[in-house]
Amino acid sequence: MNNIMITKEKIWKMVLLFSLMLGMTACSKKEDTAPEFQETNLAPLSVEFDNIVGERTLTFNNTGSPYKNAAGEAFTISRIQYFISNIKVTTEAGKTYTVNQDSSYFLIRGDDKATRFAKVKVPEGDYTNLTFTLGVDSLRSTMPVDKRTGVLDPAAGGGMEDGGMYWGWNSGYIFFKFEGNSNVISDNTSGDPTGKKQMKYHIGFFGGYNAPTLNNIKVINVDLRTAGIARVRKDRQSNIHLFVDVMKVFNGKNSFKIAEHPNVMFDDFTAKIAANFPEMFRHDHTEN
Amino acid sequence: MNKKHWIVWCFLGLFILACKKDNPVKEEIEKFLGFQKPANFPQPAYNFANNPVTRQGFELGRALFYEPRLSRNNTITCGSCHIQSSAFTQHGHDVSHGIDDRLGTRNSPPIMNLAWNKAFMWGGGVYDLDLQPITPITTHEEMDENLENVLNKIRVLPKYTAMFKNAFGTEEVTTARFMKALSQFMVMCVSSNSKYDKIMRKEAGAVFTAEEQAGYVLFKDKCASCHAEPLFTDGSFRNNGLRVSPINDKGLYTATLMETDKYKFKVPSLRNLQYTAPYMHDGRFLSLAGVLEHYNSEVQAMPNLDPVLNQNGKPGIALNEDQKAKLIAFLNTLNDKEFINNKMLSEQ
């Protein structure tokens, strides 16, 4: 009997101890200390590319209420799509993880909301920094045809006049394709001779196959500390929500007028526009 | 031997005959040797390890090469502008004549010895044979189609799904398989049986005439630094001092945007010139006499003129009439009749 009493007492003590421990773990969960960084301990992370235009949301061909750039030119948008690749995250302690190259190419298309997420897997951890490439790196741009699958398939998206992003005659990808209309565009050969008032910005050039040429690849670095670090855990979906302000194409540090450059594809001016790209990306918040 | 035995022998004989008659395919299998490097050629540049040539892959590539569905309205094939009897050029056309009678801006180059090419197109821009066909397929003046549509048109044809299965193991039609099959056909278009080749390989009875030999000596002195043997091109891009064309085609510059690449075009091979007139990237010269006179007296002094054409203070390569005749005699030894008549490369 006595023995049993002792046992009961022991059990009570153990229950108490357990409750205490449970309480402690609960506390630590609330604080959510980052798990140890392990390259094999992968969890989901998404980066959301939410296209906006200045102070307004993105709508296509909105002729009733066109957008207006800093030069006062009214325009509408008919297409916006770009490649995001080589996603990399860094913890406060400086640990960096680069997503496997084969799973790190995304085509963000303004007309297809489902494409706005770049979904990757990174080790569980708290990340204060996000790095990605706007465009397709030079290595992938020169790979054999077998390695060009999915969004990198030269057949994907139809032809150049449609959603295609592969340049056949000048082997490489269009990194950033932005098209629309503006009444400021002339009807002559320096504007749009078809009279449709179309503007076309097809920005590519990865630096050349064997001799160095124009390189418009832009590596974008986003500090997540102000608007919210990404706490990546297996049991949830951390989402880094970026605003991509397309207006910055015109209003960035190399601001220009649509009337003066309605078509930019195969010339040195592409570099001026590409220099505006990093300004487009703004971290709004992170959903953890 | 009794009667029964005779009957058996007769049947066996019949079977053998039947096999031979019904099975030209079997003979072709035996004859198909894949890609063979000619003895007098260097190692090819094409990566065969990534795309070994098989009979099935080659035949699929050949079918696709002659397939009009590669063009928007199913009228133009690769063979339309690359005609075998013209050594896979569009003989008689200064610039290529494509879909809806549209005219391009450049002369159709030959599909010939491409396994040794490191860069494609007159003005460069393409550096991998497996990606080259996208250019003519999508060019407005050529096939004016997009690759996605082409693959969709091919996918619904049992003829092709069967051929893809034979060549690649499954019926799946992908960009990579489509391109690799076309490459398998194109790398097999090897021209290496001209009189020149037979002489170089010391084949029985092959000798230059005295005039050809004199031309060969002149050639080595005046032409071979760019038109290097045995391919008769060094594969480089050079400005050979042509007057700027009315459309101001800037050549390699268009792809690289490098000032130093302005008006540079790919050095063409000199093989099969008999079948491939007119000459130059825009087909401006109708005859070899016109080409040689360009080098003799019409080379323009311009900023990017190739240094080898700008020696002794005068642009060009001085050539008198006698030298021109000898050079042309030598160039005629580079014509390869077997190449333009090779049935294996023809539309079946």
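## Extent of the interface

In the predicted model, 26 residues of chain A are in contact with 23 residues of chain B. The two chains bury about 1900 Å² between them, and carbon and sulfur atoms account for 61% of that area. Of the area that chain B buries against chain A, 29% comes from B:Y127, B:L131 and B:L257, more than from any other three residues.

## Polar and charged pairs

The rule finds one salt bridge across the interface of chain B and chain A. B:K180 forms a salt bridge with A:D146, and their closest N and O atoms are 2.3 Å apart.

## Elements on the chain B side

Four elements of chain B give two or more residues to the side that touches chain A: α5 (134-138), α6 (147-155), α8 (175-187) and α11 (253-256). The most comes from α8(B), with four residues. By class, this side of chain B has eleven nonpolar, eight polar and four charged residues.

## B:K153 in helix α6

B:K153 is placed in helix α6 of chain B. B:K153 counts as buried because its relative accessibility is 18%, and the cut-off is under 20%.

With B:R69, a polar atom of the B:K153 side chain lies 2.9 Å from the backbone oxygen.

Key:
Residues numbered from 1 in each chain as written. Chains lettered and ligands numbered in written order. Predicted model: local features only at pLDDT ≥ 70, side-chain atom pairs only at ≥ 80, totals over all residues. Heavy atoms only, no water. Contact = heavy atoms within 4.5 Å. Buried area = accessible area lost by both parts, 1.4 Å probe. Salt bridge = Lys/Arg side-chain N within 4 Å of Asp/Glu carboxyl O. Nonpolar A, V, L, I, M, F, W, Y, C, P; charged D, E, K, R; others polar. Buried < 20%, exposed > 50% of the residue type's maximum accessible area, 1.4 Å probe, protein only. Polar contact = N/O pair within 3.5 Å; in protein donor to acceptor, adjacent residues only side chain to side chain.
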